[in-house]
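Here are some notes for a colleague who is opening this structure for the first time. They are set out as numbered points, to be read alongside the sequence and the model.

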Amino acid sequence: WSRLIAIARQVSVHRQDCWGRVQQAMPHLAYILIGDPDPDRALSRAEFLNAAGYRCIQASDAHTLIGLAGSRMPDVILMGQFTAPVDSLNIVRALKTADATQSIPIVLLDLPPQADLLTLVRDEDVDDILGPNDDNQELLLRLPRLTRSSVMQAELSRRIKTAAAFGLTVDPKDFIRAYPARPLVLAVAPDDASMIDLVEALNDGGFECVPETGYFRAADALDNGRFDAAVIMTASADDFERTQYLCGHIRHNPRLFNLPTLVLTAPATRDRAKDFYRGGAAIVLSGLSDADRLCTYIHMLVGRQRLRWTLRDPFKALLKDETADVSGVAYSRQFWDAHLARTIETAQARNARLAMAYLSIPTLPRIQEEYGTENAEILAHQLADWVTSMTRIEDTVARIGPDAFGILLPETPRAEANGVAQRIIGILHNSEFNLGEDVMQSVRAWAVGGATALEPDDTPETFMARAKSVAN
């Protein structure tokens with residue numbers, strides 16, 4: 001029997017390698033492992049996701065699934081309903097307790113909406129679930145947020161390895177945050193009658209609930225409070241614009257844009273689910289008919305968000321004297337060079353997207369000439385702080401020259417990276433910075449920049465040269 005399993009694994013891996021080589025013509029959105037006891041169903045889902053830009057491999061038995069998860073390190077695992085001798089929850093438990101795979105997001109597919117099963121799924125730290133009636137389009141709308149978690153984890157692992165070469169050791173397990181047992185949720189409903197049912201469901205589901213029936217007041221509450229999630233209920237077609245406004249308010253607020261947001265649709269807005277997702281919702285459900293399912297989703301979203309918050313601490317611990325430039329808020333050129341080579345190698349091996357933004361600050365040499373090196377460094381420190389604050393924690397920001405900053409953006413297309421660069425440039429142009437006490441007037445920082453994407457035959461030198469050329 002063990003020999004048969006070994007042969008099955010070899011055949012499965014060979015088939016997946018052949019399929020993977022076919023797809024390596026262009027970078028993919030993410031690397032997905034699909035586990036399903038029905039090979040035809042797994043292949044059908046893989047073909048759909050491949051067409052959408054993902055790269056997929058499949059496994060049809062538990063042993064192969066667990067083996068591929070550890071050896072291939074996918075960005076997300078999609079898992080159908082396995083039964084005896086090894087059922088889906090046992091597979092999840094094995095993956096979530098193994099060091100190599102515990103951080104990979106897992107989505108359970110075709111899960112029956114049974115209250116006891118939902119509780120088990122939540123207790124095993126499953127990252128998302130899709131019911132029997134959810135189609136591939138729903139999956140496609142949810143995948144970007146799941147892959148974001150994998151990007152953070154993968155980048156943290158890479159950065160830890162690079163920092164180790166500089167004598168800095170960081171272990172993510174040393175960083176633990178204490179969170180309240182009952183997450184704080186803002187509940188938004190269009191009327192008092194709807195609010196009563198929503199608040200009751202959330203309180204019974206283990207949440208502290210703050211109710212609000214005004215969408216604009218809800219936006220103010222989010223700005224002034226510290227919520228773990230927001231649930232927005234719609235009752236009629238008139239609620240569509242108000243809900244989109246609130247989702248947009250969350251998405252475009254630098255402090256709130258990652259806030260887990262769940263929208264409950266009414267019959268009149270159910271066909272607008274895709275619009276709600278595009279507007280910033282993390283999950284869209286049909287009404288409040290299943291309180292257990294609603295609360296399970298919120299607990300999953302809050303768990304993922306708290307994990308991202310906790311991951312920020314080891315990221316920050318990697319920026320120390322050994323790895324930082326003199327400002328202490330951006331990485332040094334030496335660290336940049338080492339980490340760039342490591343990141344390029346990983347991206348090319350996985351055929352993943354990688355972008356680089358290059359920012360040149362002509363104001364810095366001018367300040368040095370007029371006011372001296374100390375004032376130039378004061379400005380450089382502020383600029384490094386601002387640039388870092390306007391990027392994701394998984395983006396590597398380094399001062400790569402006396403008047404230049406580099407930003408390495410994993411799993412990011414060129415157009416998006418260029419948008420990040422131009423937004424930073426625009427904000428710097430419209431901001432004023434104070435220098436030392438001997439300089440009375442504030443100054444503005446003139447910046448130019450752009451972004452490029454990694455190409456298959458790039459080296460660190462060619463990648464850097466192209467990024468610099470598009471910035472000039």
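1. Please keep in mind, here and below, that the model is predicted.

2. As one point of reference for the eye, Ser360 stands opposite Val448 in strand 14.

3. Strand 8 (residues 229–233) deserves a separate look, because 5 of its 5 residues are buried and the strand is therefore largely enclosed by the rest of the structure. Ala229, Val231 and Met233 point one way from strand 8, while Ala230 and Ile232 point the other way, and all are buried.

4. Which strands pair with strand 8? Strand 6 (residues 184–188) pairs with strand 8 in the parallel sense over 4 bridges, and Leu186 has Ala230 as its bridge partner in strand 8. Strand 9 (residues 261–265) also runs parallel to strand 8, joined to it by 4 bridges, and here Ala230 stands opposite Thr261. Between strand 8 and strand 9 the chain passes through helix 9, in a β-α-β crossover that is right-handed.

5. Turning to the aromatic side chains, a search of the whole structure finds 6 aromatic pairs. One of them is formed by Phe216 and Tyr245, which are tilted, at 4.8 Å centre to centre with 45° between the planes. Phe216 lies in helix 8 (residues 215–224) and Tyr245 in helix 9 (residues 239–251), so this pair ties together parts that are 29 residues apart in sequence. Phe216 counts as exposed, at 56% relative accessibility, whereas Tyr245, at 32%, counts as partly exposed.

6. Two further aromatic features can be checked in the viewer. Phe166, Tyr331 and Phe335 form one aromatic cluster, and the charged end of Arg272 sits over the ring of Phe240, 3.8 Å from the centre of that ring.

Methods: Residues numbered from 1 in each chain as written. Predicted model: local features only at pLDDT ≥ 70, side-chain atom pairs only at ≥ 80, totals over all residues. Heavy atoms only, no water. Phe/Tyr/Trp six-rings, centres within 6.5 Å; stacked < 30°, edge-to-face > 60°. Helix = DSSP H or I, 4+ residues; strand = E, 2+ residues; numbered from the N terminus. Buried < 20%, exposed > 50% of the residue type's maximum accessible area, 1.4 Å probe, protein only. Lys NZ or Arg CZ within 6 Å of the ring centre and 35° of its normal. Pairing = 2+ DSSP bridges. Right-handed = clockwise from strand over helix to strand, strands pointing away.
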